[in-house]
Amino acid sequence: MLGRIDQLSIFYKCFKALCCKGPPPPRPEYDLVCIGLTGSGKTSLLSQLCSENPENIVSTTGADTIRKYWSRYYQGSQGVIFVLDSASSEDDLETARNELHSALQHPQLCTLPFLILANHQDKPAARSVQEIKKYFELEPLARGKRWILKPCSLDDMEAVKDSFTLLINLLEERELEPSRM
Ligand SMILES: Nc1nc2c(ncn2[C@@H]2O[C@H](COP(=O)(O)OP(=O)(O)OP(=O)(O)O)[C@@H](O)[C@H]2O)c(=O)[nH]1
Ligand SMILES: [Mg+2]
């Protein structure tokens with residue numbers, strides 16, 4: 001039989017466990033760079049993730065001409081999101097492939113995890129991830145790097161969130177095992 005002091009002590013311990021846990025540990029934050037050709041869906045996907053109103057989205061003015069300035073935003077990045085339009089013309093797909101290859105080989109990005117989002121999958125003309133993987137020659141080019149290629153579209157944000165979770169896992173792995181790259 002418990003004495004009054006024991007009961008109070010147990011009550012105090014339970015109370016402390018329930019109420020005095022303190023704030024949850026801060027969630028890690030990562031600096032990511034999001035690149036891709038104009039119209040690939042970067043702003044739409046990121047604003048949907050942040051629950052922002054998609055009606056306010058406007059295309060970046062002169063997006064093609066500012067591609068050469070992408071690298072100004074690479075400094076300090078810890079991961080890369082590359083968005084492509086899986087239903088684009090052959091010419092645009094080739095441009096996207098060249099841009100992805102440049103990014104994968106860029107000195108500031110080449111050791112970082114990449115999430116490649118094959119967006120616009122809802123369109124009938126969309127290529128499958130297998131086709132994109134082959135066309136973009138990802139297997140030989142990205143060998144030894146950490147990359148994820150996932151199909152997605154604006155109308156399936158759960159799949160986009162799952163892809164981001166995989167990227168975060170890669171980033172966390174990297175923090176735990178910095179010498180594995
Ligand atoms: N059908 C379809 N349309 C999409 C998808 N993703 C984006 N879009 C549309 O494609 C258009 C361009 O999307 P944006 O998000 O502005 O593209 P962006 O990559 O930010 O383009 P820039 O700012 O010019 O570099 C918009 O009209 C979007 O609604 C998708 O998965 N499916
Ligand atoms: Mg945009």
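This is a predicted model: local features need pLDDT of at least 70, side-chain atom pairs count only at pLDDT 80 or more; totals for chains, interfaces and linings use all residues.
**Before selecting anything**

Residues are numbered from 1 along each chain as its sequence is written, and chains are lettered from A and ligands numbered from 1 in the order in which they are written. Local features need pLDDT of at least 70 and side-chain atom pairs count only at pLDDT 80 or more, while totals for chains, interfaces and linings use all residues; side-chain values use heavy atoms, with hydrogens and water left out.

**Stop 1: the whole chain**

Colour the protein chain by secondary structure. It has six helices and four strands, where helices (H or I, at least four residues) and strands (E, at least two) are DSSP runs numbered from the N terminus. Along the sequence, the pattern reads α-β-α-β-α-β-α-α-β-α. Of the 181 residues, 34% count as buried. Buried means under 20% relative accessible area, exposed over 50%, and partly exposed in between, with a 1.4 Å probe and protein chains only.

**Stop 2: ligand 1**

Now show the distances to the oxygen atoms of ligand 1. A polar side-chain atom of K42 is 2.7 Å from an oxygen atom of the ligand. For T43, a polar side-chain atom is also found 2.7 Å from a ligand oxygen. In S59, a side-chain N or O atom lies 2.7 Å from an oxygen atom of ligand 1. On its own, ligand 1 has 660 Å² of accessible area, of which the protein covers 77%; the areas come from the Shrake-Rupley method with a 1.4 Å probe, and for residues only the protein chains shown count as cover.

**Stop 3: helix α2**

Within α2, S44, L45 and S47 are buried.

Most residues other than glycine have a negative phi. S51 counts as exposed because its relative accessibility is 67%.

In the loop between α2 and β2 (79-85), select N53. N53 counts as partly exposed, at 38% relative accessibility. A polar atom of the N53 side chain lies 3.0 Å from the backbone nitrogen of E55. A polar contact is a pair of N or O atoms within 3.5 Å; within protein, one must be able to donate a hydrogen and the other to accept it, and residues adjacent in sequence count only if both atoms are side-chain atoms.

**Stop 4: the largest pocket**

The largest pocket has a volume of about 270 Å³. Its lining has 13 residues, and those closest to the centre are C34, K42, I66, W70 and Y73. A pocket here is an open set of points, on a 1 Å grid over the protein atoms alone, where a 1.4 Å probe fits, with protein on both sides within 12 Å along at least five of seven lines; lining residues have an atom within 4 Å of a point. Grid points are joined across faces, edges and corners, and the volume is the space filled by probe spheres set on the points.

Strand β1 (residues 32-35) gives the most to this lining, with three residues. By class, the lining has eight nonpolar, three polar and two charged residues.

Centre on W70, in the loop between α2 and β2. W70 counts as buried because its relative accessibility is 11%.

**Stop 5**

Select S88, between β2 and α3 (90-105). S88 is buried at 13% relative accessibility, and a polar atom of its side chain lies 3.0 Å from the backbone oxygen of D85.

Move to H120, between β3 (114-119) and α4 (129-135). H120 has a positive phi of about 65° although it is not a glycine, and is buried at 15%.

Finish at S153, between β4 (147-151) and α6 (157-176). S153 is buried, with a relative accessible area of 5%. Its side chain makes a polar contact of 2.4 Å with that of D155.

Technical notes:
Ala, Val, Leu, Ile, Met, Phe, Trp, Tyr, Cys and Pro count as nonpolar, Asp, Glu, Lys and Arg as charged, and the others, Gly among them, as polar.
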